[in-house]
Amino acid sequence: MATAAVTSHSDAFIAAQQSASAAASDDGFNKAPAEIAWQQNLNEIMRCPDCREFPPNLIEEFSSGDMVCASCGLVLGDRIIDTRSEWRTFANDDQNNDDPSRVGDSVNPLLNGSQLETNIAFDGKDARELQRLQSKANKKNDKENKQSNTALLAAYREISNFCDAMNISKTTQDAAKHIFKMTDDAKYFKGKSAEVIIAGCIFIACRQSNAPRTFREIFALTKVPKKEIGRTFKMLEKFFQDDKNKPFIRSINQDAQPPTLSATNATELCARYCSGLRFSNNHLMARISSELCEKSSSVKDLAGRSPLSVAAACIYMISHLMGESRSSKQIAAVAGVSDGTIKTAYRFLYQERDSLIDRDWLVKGGRLERLPVN
């Protein structure tokens with residue numbers, strides 16, 4: 001950016017000026033023009049050092065915050081402050097005669113009440129009576145919304161604290177808060193404690209975000225018994241499937257779909273478990289383990305088993321196949337299942353190893369000889 005030339009045109013720009021002669025009516029004679037005393041011009045003028053045009057042809061580009069010479073494009077100044085109005089209105093161009101001017105913060109869908117209210121002054125007959133009725137109604141609504149919002153904010157804080165302790169993403173946190181808000185609007189969980197409802201909402205939100213957590217993990221986080229979490233999950237499942245609750249089931253924004261439930265499968269757990277086992281090539285191990293979990297659905301002996309044990313057994317098999325073996329106790333500590341359960345499920349996988357193991361895995365360094373018998 002070039003340095004602008006700033007000059008004071010005291011002698012060259014302003015010379016002694018003479019005032020126009022004024023018509024005088026004294027005895028029909030005109031008086032001599034009076035001279036004005038010389039004054040120094042203290043104005044500072046910015047000129048382009050390359051063009052040196054006068055008067056300077058400069059443009060203030062508020063979009064970029066620059067002062068630019070319109071003749072040669074040289075930037076003479078930066079960080080120009082935009083002194084114009086901060087917002088614009090297109091009310092005259094709108095066909096629906098709506099004014100899209102921004103007048104405050106957006107509405108929070110997780111809280112009750114309109115949150116953007118306008119009081120219109122009444123004028124004319126019965127104005128005082130209308131004002132009294134309006135203030136009475138607003139006072140009642142504000143009191144109810146304030147009480148309900150206080151309880152909601154307390155629940156939202158608990159959800160945020162639990163999710164932060166478990167490194168759950170912000171999107172999943174908002175989904176859990178949204179589920180809690182829908183059940184609160186429908187008054188679905190009457191008599192249940194907020195902790196139980198929060199645990200169920202976090203459990204379902206994690207499933208919807210394709211980052212499922214087990215009952216044991218939610219129990220370790222919230223200290224809510226696993227049976228209570230299971231009961232709350234079943235009740236929430238009925239809540240989303242019941243047609244009577246359709247008015248309360250909605251998406252958190254206009255573009256998203258309403259929340260739905262899907263069962264946890266072993267494939268979704270492999271990536272998180274492999275990350276906890278710290279493989280040298282974590283992405284490859286997670287991908288191959290997920291593919292093996294998909295193929296394991298054809299093993300009849302594994303039908304009805306927990307997806308946790310199936311995912312752990314698949315990781316146990318792939319870790320030995322690819323030469324990065326992990327013991328059953330190491331995998332059990334990450335998956336939250338016993339090492340005996342992992343070995344039992346692994347035996348069924350080992351029996352079907354010829355049909356389950358893909359040739360591409362062997363090309364990438366896998367060896368069948370590495371697989372343990374038990």
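Student: Which loop holds Asn-167?
Tutor: This is a predicted model. Helix α1 covers residues 127-165, and α2 covers 170-186. Asn-167 falls in the loop between α1 and α2.

Student: What is the phi of Asn-167?
Tutor: Asn-167 is not a glycine. Even so, its phi is positive. The value is about 60°.

Student: Is Asn-167 buried or exposed?
Tutor: The cut-off for exposed is over 50% relative accessible area. Asn-167 has 70% relative accessibility, so it counts as exposed.

Student: Where does Lys-187 lie, and what is its phi?
Tutor: Lys-187 sits in the loop that runs between α2 and α3 (194-208). Lys-187 is a residue other than glycine, yet its phi is positive. The value is near 55°.

Student: Is Lys-187 buried or exposed?
Tutor: Exposed means over 50% relative accessible area. The relative accessibility of Lys-187 is 53%, so Lys-187 counts as exposed.

Student: How far apart are the C-alpha atoms of Ala-211 and Glu-268?
Tutor: Ala-211 belongs to the loop between α3 and α4 (215-222). Glu-268 is 57 residues away from Ala-211 along the chain. Their C-alpha atoms are separated by 7.0 Å.

Student: How does Ala-211 count in terms of accessibility?
Tutor: Buried needs under 20%, and exposed needs over 50%. Ala-211 has 31% relative accessibility, so it counts as partly exposed.

Student: At what angle do α6 and α7 pack?
Tutor: Two packed helices are described by the angle between their axes and the distance between the axes. Here α6 spans residues 266-277 and α7 spans 282-295. Their axes are 8 Å apart. The angle is about 155°.

Student: What does that angle make α6 relative to α7?
Tutor: Angles over 145 degrees count as roughly antiparallel. The angle here is about 155°. Therefore α6 is roughly antiparallel to α7.

Student: How many residues of the contact of α6 with α7 are charged?
Tutor: The α6 side includes Ala-266, Cys-270 and Cys-274. The α7 side includes Met-285, Ser-289 and Glu-294. Seven of the contact residues are nonpolar and five are polar. The charged count is one.

Student: How does α7 lie relative to α8?
Tutor: Helix α8 covers residues 307-321. The axes of α7 and α8 come within 9 Å and cross at roughly 125°. That angle makes α7 oblique to α8.

Student: How many residues of the contact of α7 with α8 are nonpolar?
Tutor: From α7, the contact includes Ile-288 and Leu-292. From α8, it includes Val-310, Ile-315 and Ile-318. Two of the contact residues are polar and no residue is charged. The nonpolar count is 10.

Student: In what order do the strands of the open sheet stand?
Tutor: The sheet has three strands, with antiparallel pairing. β3 (58-61) and β5 (75-78) stand at the edges, each with a single partner strand, so one side of each has no neighbour in the sheet. The twist averages 20° from one strand to the next. The order is β3-β4-β5.

Student: Which residue in β4 stands opposite Glu-61?
Tutor: β3 pairs with β4 (residues 66-69) in the antiparallel sense. Four bridges hold that pairing. The residue opposite Glu-61 is Asp-66.

Student: Which residue in β5 stands opposite Val-68?
Tutor: β4 and β5 run antiparallel and are joined by three bridges. They form a hairpin with five residues between them, and Gly-73 in the turn has a positive phi of about 85°. Opposite Val-68 stands Val-75.

Student: Are the faces of β4 covered or uncovered?
Tutor: In a regular strand the side chains alternate between the two faces of the sheet. Asp-66 and Val-68 are buried on one side of β4. Met-67 and Cys-69 are buried on the other. Both faces are covered.

Student: Which residues does the cis peptide bond join?
Tutor: Look at the loop between β2 (45-47) and β3, where Pro-55 lies. The omega of the cis bond is about 0°. The bond joins Phe-54 and Pro-55.

Student: What share of the protein is buried?
Tutor: The protein has 12 helices and five strands. It counts 374 residues. Buried residues make up 34%.

Methods:
Residues numbered from 1 in each chain as written. Predicted model: local features only at pLDDT ≥ 70, side-chain atom pairs only at ≥ 80, totals over all residues. Heavy atoms only, no water. Pairing = 2+ DSSP bridges. Helix = DSSP H or I, 4+ residues; strand = E, 2+ residues; numbered from the N terminus. Axes fitted to C-alpha atoms, helices over the stretch in contact; angles between N-to-C directions. Buried < 20%, exposed > 50% of the residue type's maximum accessible area, 1.4 Å probe, protein only. Parallel < 35°, antiparallel > 145°, perpendicular 65-115°, else oblique. Contact = heavy atoms within 4.5 Å. Nonpolar A, V, L, I, M, F, W, Y, C, P; charged D, E, K, R; others polar.
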